[in-house]
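Here are some friendly notes to read alongside the model. Please have the coordinates open as you go through the points.

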Amino acid sequence: MDTHICRDKDLKRLYHEIIIQEARLLSRFEDRSDTPSFAFQDKHIHALGKIDYGLKIYELEDIAERLGLKNTCVDELIKQGFLIPLRNNDGEYLYRSFHMDILVRASDIRIMPGGGKIILQSSFIVGQHVIDDFSQALLFPRIDGVEEEKEFYELLYKTLGEKLVRIYIDVLKGYLDSRGARGLTYFQLSALKEMIASFTRKNVFVITAPAGSGKTEVFLFSILYKLLLDLKNNRRSKIFVVYPRKFLEIDQSERVISLLKKLNEKLNQFFVNREFTIALRDGDTATLEEEVETARKEGRREVEFRGIKCGHKGILVIQLDKSPIVACKEDTAGGYTPYSFVKWNRESSKEADIVITNLYTLYFRVVDKSPEDLNVHDIMGDMPLDTIVLDEVHEYTPAELGLLYYTFKVINFIRSTMNLQPLKVVLSSATVSNPSELARRLIDEDPLLLDYSTILKSDEHKIRQLEESGKIGLTKKLVILGILTVNPNYSWETYVSQLAITLLFVNKSLDLLGRGVKQSIIFLNNVKELNRVHAIIENDLQLGSPLDNAGLRGSWNQELDPTKYRYSIRHYTDLLKMSQKVSKEISDFLASAEGNKHVKESLFPRLAKIYSGTPLEERLTIAKKIHDKTIYVIMATSSLELGVDYPGVTVVANMGFSDKLPSIIQRFGRAGRKLSDTLNTTLALLIVRNNPLEYVRLFEALKSNMVTLMVEGSITPAVAEKLDKNANREISIEVARDLDAVRRLGVLRALLTMSALDGKLSGLEPVKDETDECEILANLRKQIEEYREQLAKLFDQAENVIKSILEHELGFENVETCNQHYKTLRKLDICVDFLEERTKKLSAFTDRFKSMLQAIPSDKNNKELKRLENWLKETSTLQKKYFETLNAHHNNLKPPLNVEEFIMKVNNLEEGLKKICEDISNHYLLTLSDLIRGRIMKREVAIQFDDFLRDFCKNNIERIQNPCKKGA
């Protein structure tokens, strides 16, 4: 009996080789000795050709033998659910990998056997890229280590000294151990070494590396170094870590808090009297303060703190015993560990060493002078902001980055007046094609570029030596990209609903069989789509999906051969039926499906939906279920695309091709991260919805080879070089600092920062009324004149910008002219309201007048009848002028508004209407009498005309005063 034990990395090697063999078969490369490259360099998308393929058990064993592995490795892949047996209608068993089987099923999802074909076209590419094997990463700064470790140790020792180096290394080890790692990868060590060595001569650092390559730890351990360096130099400073998404901010805060806890514990052990602190300061801080106040009034003991995990399966809470304090609650019995170094409210954030925040909070804090909150004095004072980390920098718009440029400029200008060095800025992303250019446009300095592929390529010889010595391990991640286009005759919502249900059923089967859940994320564009598809899935499950395709309902057996029909998932039912005699759970599941005619109760609870507005308690529950693998399929918006790590996810579907390419790459990067759960394998499904814009975008992406970046897993300068100029331009990140609107706002914000720092104006003071606003605008005008010289030194073209601001945004020389302006605007609003009402009444009058005249017999020679017709014609013409005046006003609301000209037009119209009414009032009785005498108009009709004309002119014209007149 073969007792050979297969390690996870051996299983991965075998599994990847099996998938590549399947790719050859599926794309009709019949000669198996021919080995086409399915890596990035191939640049070819393959159609799903031979869908009836399958591998026999001896073929799988032959592949294992070629790799020097035993047959038990094949058995283990079957046992773990990575190899799926398919029984055809002849009773023969063939095998497919789980990932390729799901690709084939996804390429022809149908509601039922023989149903309409929802997917129009399907193609795929298989590629591999190098990733670090964190289980083999053993590098540390050590005095007796290999050359790279010694160099790093000596660098730390030279700048920190012996005691602080020991603390640095101990904290490093403790943190990595808590994350399940044993050391640093080569990229992490090299990047850290370069950053620290350049700290005195470089101010800007750019970290570019694929998702899951450990770049977060690079900037975290550089922050650790900065804290200890400040400690050695007996100074204090602030570090801002800026995240673009709330989910990412919370997820990453756990890491920073864990690092600081270990640092503070080590400082205490070494008798260093210092505690480093951290604060989360964002839009939720004030809401949390209100929640704490409410909880105290209600007599509660605690409030959860942001859903951040701590300790051993604990959660951070705010204890409300006396003075509220953050603590780690690790059990339900009420055991608390104080985390006093975590600051939870606005006032305590002022003294924090590290502030976790977002870009908008940063913008607000640098223009505020409120003493109860983190303000510009805290940022520029005795504990100044020294370092800013911008994670996932590709997420910001050109305008946001342009405004950030002006923020950096004013902060560095103020720092220079305080004899401080420029800010240290760290940019991090997996999808920046132009990192050096981006940094220069953002900070006006040449950065130190720490690019993953560049470091690995330049140090190939060292890396081989370290691999041979067992210090590091490099491995490969395999990505299967499926490109599926939806038939215009079908709804894409129907497709995604059936895809989710298929994944739910497949995973339920694997779970019941004990073969390991293979989790999936389906990304949708917005909450509205998310909720709609979620409801469709619930309804489809209630109606019995996927029982027909699974062979659990109807007589479809001949149409469910899984080797011939792509929509069939009968083979998963076959596996369940083979085991139902030995498993009551499986037997009950099958009985329930056949008895209830649906499996909603079993599958729907395994589906989760997550978006930015998901309530905290619900999000925590979902996160726990995902980690416990009781959730099979997660439907999400972009809130999950960055940084969040779910180790069991191995399938990602992106609905639509309207998002930017970096976002799609980030989404696909969520899968295949953990070796033991996924064998570092990702099935990435790009679902091109049935609209022309997405079809055109797909065509352009295929033509320019941009689509292959999804297989590569990152956008780096080296990867971008392989694309044409147009494609490169589309994926590059711009900084719109030269846009006129951005420049004006940047200069205004710089003014507010300097003024707030001098204790004059605050950019966040509430405006009570128009008079208050006029005083603020007048003060701003004075401040511009006061700081004009400094602003001119600080910004290019500042003089032109200041002139434009003074003419437009601050066009009032004093409070009086501003108040007069608002008084004029109020009168304008009244006039517009009056004009709208008058136009409506005139329109109703002319319509009624016309219909009444049409009821009277026509007589071209009757002068009195002609007079009525003339009144109608004159009021109709005037009504059109009223409407045109109103419409012209609404279409020309851009400043400067010529209010007096508008009021004059209204008054002229009113004069015209007054003349018509005077004419009607003077003649209508005589006119109606003549028409009665001439038997052209009946008496009862004349009475109606009398009431109608008198009512309009007296009640609507004479009695309603024109508010646009002078003195009105």
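**Notes on disulfides and a sheet**

1. A disulfide (a pair of cysteine sulfur atoms within 2.5 Å) joins cysteine 6 to cysteine 73, with an S to S distance of 1.6 Å. The torsion about this S-S bond is about -90°, so the disulfide of cysteine 6 and cysteine 73 is left-handed. Cysteine 6 sits in the segment before α1 (8-26) and cysteine 73 in helix α3 (residues 71-79), so the pair ties together parts that are 67 residues apart in sequence. Helices (H or I, at least four residues) and strands (E, at least two) are DSSP runs, numbered from the N terminus.

2. A word on the source: this is a predicted model, in which local features need pLDDT of at least 70 and side-chain atom pairs count only at pLDDT 80 or more, while totals for chains, interfaces and linings use all residues. Residues are numbered from 1 along each chain as its sequence is written, and side-chain values use heavy atoms, with hydrogens and water left out.

3. How many disulfides does the structure hold? There are three. Another of them links cysteine 310 and cysteine 328, with the sulfur atoms 2.1 Å apart. Here the torsion about the S-S bond is about 95°, so the disulfide is right-handed. Cysteine 310 belongs to strand β8 (residues 302-310) and cysteine 328 to strand β10 (residues 325-329), so the pair ties together parts that are 18 residues apart in sequence.

4. Cysteine 917 and cysteine 953 also form a disulfide, their sulfur atoms 2.5 Å apart. The link is left-handed, with -85° about the S-S bond. Since cysteine 917 lies in helix α34 (residues 899-933) and cysteine 953 in helix α35 (residues 939-958), the pair ties together parts that are 36 residues apart in sequence.

5. Are these cysteines buried or exposed? Buried means under 20% relative accessible area, exposed over 50%, and partly exposed in between (1.4 Å probe, protein chains only). Cysteine 6 and cysteine 73 are both buried, as are cysteine 310 and cysteine 328, and cysteine 917 and cysteine 953.

6. Now to the sheet: eight strands form an open, parallel sheet in the order β12-β7-β13-β6-β14-β15-β5-β16. Strands pair if DSSP finds at least two bridges between them. At the edges stand β12 (342-343) and β16 (448-451), each with a single partner strand, so one side of each has no neighbour in the sheet.

7. Within this sheet, strand β6 (residues 238-242) pairs with strand β14 (residues 385-391) in the parallel sense over five bridges. Isoleucine 239 has threonine 387 in β14 as its bridge partner.
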